[in-house]
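Hi,

Here is the structure I promised to pass on.

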Amino acid sequence: MTKDYSTGLPLLIKQPGESRLLDMDFGADMRKGDTVQSVTSSVAANLGNVQDSTDVQLSEAVISGSMVQVRVSAGQHLENYKITHVIVTAGGDTLEGDGMLCVRDR
């Protein structure tokens, strides 16, 4: 997986008009055999690189084993968005995962 050079976070690049699935795998941070039980929040923070930029929209999270998936749509050309999920595992741990979304019109 590609990483954002300035933050080290997993990186997804999409165009403003695209609607794309974003996967976040918590497996490396979970105990062996544990799974995601619930997603308590999914947030996209607009980093403000573009004055008055629009936000992205996130669909409701879907859970599969150690993976959380959301559909990301909209966003402003040249803007970056930090995507954060907070989850609770079947074993009772609360974990937070972050990723970087860059919107670029190619």
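Start with Leu 101: leaving aside residues up to four places away in sequence, Leu 101 touches Leu 12, Lys 14, Val 56, Val 72, Glu 79, Asn 80, Tyr 81 and Ile 83 (a contact being heavy atoms within 4.5 Å). Before you read on, note that this is a predicted model, where local features need pLDDT of at least 70 and side-chain atom pairs count only at pLDDT 80 or more, while totals for chains, interfaces and linings use all residues. Numbering runs from 1 along each chain as its sequence is written, and side-chain values use heavy atoms, with hydrogens and water left out.

Leu 101 also belongs to the largest nonpolar core, a set of nine residues whose other members are Leu 12, Leu 22, Val 56, Val 70, Val 72, Tyr 81, Ile 83 and Val 103. By core I mean buried Ala, Val, Leu, Ile, Met, Phe, Trp, Tyr and Cys residues joined through side-chain atoms within 4.5 Å. Buried is under 20% relative accessible area, exposed is over 50%, and partly exposed is in between (1.4 Å probe, protein chains only). Strand 6 (67–74), strand 7 and strand 8 each give two or more residues to this core. Apart from it there is another core, of seven residues, including Met 24, Val 36, Val 68 and Leu 95.

Now for the strands. The chain has eight of them and zero helices, so-called here from DSSP runs numbered from the N terminus (H or I, at least four residues, for helices; E, at least two, for strands). Strand 7 (residues 80–89) is the one I'd look at: eight of its ten residues are buried. How many bridges join strand 7 to strand 8 (residues 94–103)? Nine, and the two run antiparallel; strands count as paired if DSSP finds at least two bridges between them. Thr 84 has Asp 98 in strand 8 as its bridge partner. The hairpin of strand 7 and strand 8 has four residues between the strands, and Gly 92 takes a positive phi near 95 degrees in it.

Arg 31 pairs with Asp 93, with the closest N and O atoms 3.1 Å apart. The partners sit 62 residues apart, Arg 31 in the loop between strand 2 (19–25) and strand 3, and Asp 93 in the loop between strand 7 and strand 8. Arg 31 is exposed at 51% relative accessible area, whereas Asp 93 is partly exposed at 22%. The count comes to two salt bridges; Glu 18 and Arg 20 also meet in one, at 3.9 Å, N to O. Glu 18 is partly exposed at 25%, and so is Arg 20, at 30%.

Finally, the whole chain. Its C-alpha trace spans about 40 × 25 × 20 Å along the principal axes. Buried residues make up 30% of the 106 residues. Of the contacts between residues at least 6 apart in sequence, 66% join residues at least 24 apart.

Cheers

How values were computed
A salt bridge is a side-chain nitrogen of Lys or Arg within 4 Å of a carboxyl oxygen of Asp or Glu.
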